[in-house]
Amino acid sequence: MRKTLLLSGLLLVVSILAAPVSASDAQFKADSAVADILFDYDGSEQFASYAVNQDGFVDITFSKNIPDTLYSEILQRLQNHADIDGVLAGTGGPSCRLF
């Protein structure tokens with residue numbers, strides 16, 4: 001009985017400690033994916049800002065004057081990336097002098 005309780009307690013502790021690791025792993029992978037995608041677009045640090053939650057969901061805001069084709073291209077790449085759980089995107093950011 002005592003061994004069973006000890007084993008159950010140990011399994012509970014391991015499962016609790018393992019959950020945040022996998023969540024932060026998903027966040028790290030998604031954040032890396034967004035950074036890699038945006039790196040391909042010169043000046044993206046001026047026309048896009050984003051946050052990634054622990055589940056790998058991306059919330060990204062583009063400048064309000066980003067060209068539609070560029071917005072659609074980046075959004076499609078984000079939505080199709082395997083490490084990104086989902087994307088919420090909008091064009092409500094400040095105007096960018098690049099456009």
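This is a predicted model: local features need pLDDT of at least 70, side-chain atom pairs count only at pLDDT 80 or more; totals for chains, interfaces and linings use all residues.
Two strands pair if DSSP finds at least two bridges between them.

Strands of a sheet pair through backbone hydrogen bonds, either parallel or antiparallel.

S1 and S2 pair in the antiparallel sense, and five bridges connect them. Val-52 has Val-58 as its bridge partner in S2. The two strands S1 and S2 form a hairpin with four residues between them, and within the turn Gly-56 has a positive phi of about 90°.

Val-58 has Val-87 as its bridge partner in S3. Ser-63 is likewise bridged to S3, where its partner is Gly-93.

Helix H3 (residues 68–80) has 13 residues and reaches 18 Å from its first C-alpha to its last, close to the 18 Å expected at 1.5 Å a residue. The buried residues of H3 are listed as Leu-70, Tyr-71, Ile-74, Leu-75 and Leu-78. Seen down the axis of H3, these buried residues fall within an arc of 125°, so they line one face of the helix. An α-helix has 3.6 residues a turn, so residues three or four places apart point the same way. The face of H3 turned away from the buried side carries the exposed residues Asp-68, Thr-69 and Asn-80.

**Aromatic pairing**

A pair of aromatic rings is described by the distance of the centres and the angle of the planes. The count for this model comes to two aromatic pairs. In one of them, the rings of Phe-62 and Tyr-71 have their centres 5.2 Å apart and their planes at 85°, which is over 60 degrees, so the pair is edge-to-face. Phe-62 counts as buried because its relative accessibility is 0%. Tyr-71 also counts as buried, at 18% relative accessibility.

Phe-28 is found in helix H1 (residues 2–39). Phe-28 counts as exposed because its relative accessibility is 55%, which is over the 50% cut-off. Phe-28 and Gln-54 are 26 residues apart in sequence, while their C-alpha atoms are 8.2 Å apart in space.

Gly-43 is placed in the loop between H1 and helix H2 (44–47). At 14% relative accessibility, Gly-43 counts as buried. A separation of 55 residues in sequence lies between Gly-43 and Leu-98, yet they are 7.7 Å apart in space, C-alpha to C-alpha.

Ser-44 belongs to helix H2 and counts as buried, at 8% relative accessibility. With its neighbours within four places in sequence left aside, Ser-44 is in contact with Leu-38 and Phe-39.

The accessibility values given above are collected here.

| Residue | Relative accessibility | Class |
|---|---|---|
| Phe-28 | 55% | exposed |
| Gly-43 | 14% | buried |
| Ser-44 | 8% | buried |
| Phe-62 | 0% | buried |
| Tyr-71 | 18% | buried |

Methods:
Residues are numbered from 1 along each chain as its sequence is written. Side-chain values use heavy atoms; hydrogens and water are left out. Buried means under 20% relative accessible area, exposed over 50%, partly exposed in between (1.4 Å probe, protein chains only). Rings of Phe, Tyr and Trp (its six-membered ring) pair if their centres lie within 6.5 Å; planes under 30 degrees apart count as stacked, over 60 as edge-to-face and the rest as tilted. The expected span of a helix is 1.5 Å times one less than its number of residues. The arc is that of the directions from the helix axis to the C-beta atoms. Contact means heavy atoms within 4.5 Å.
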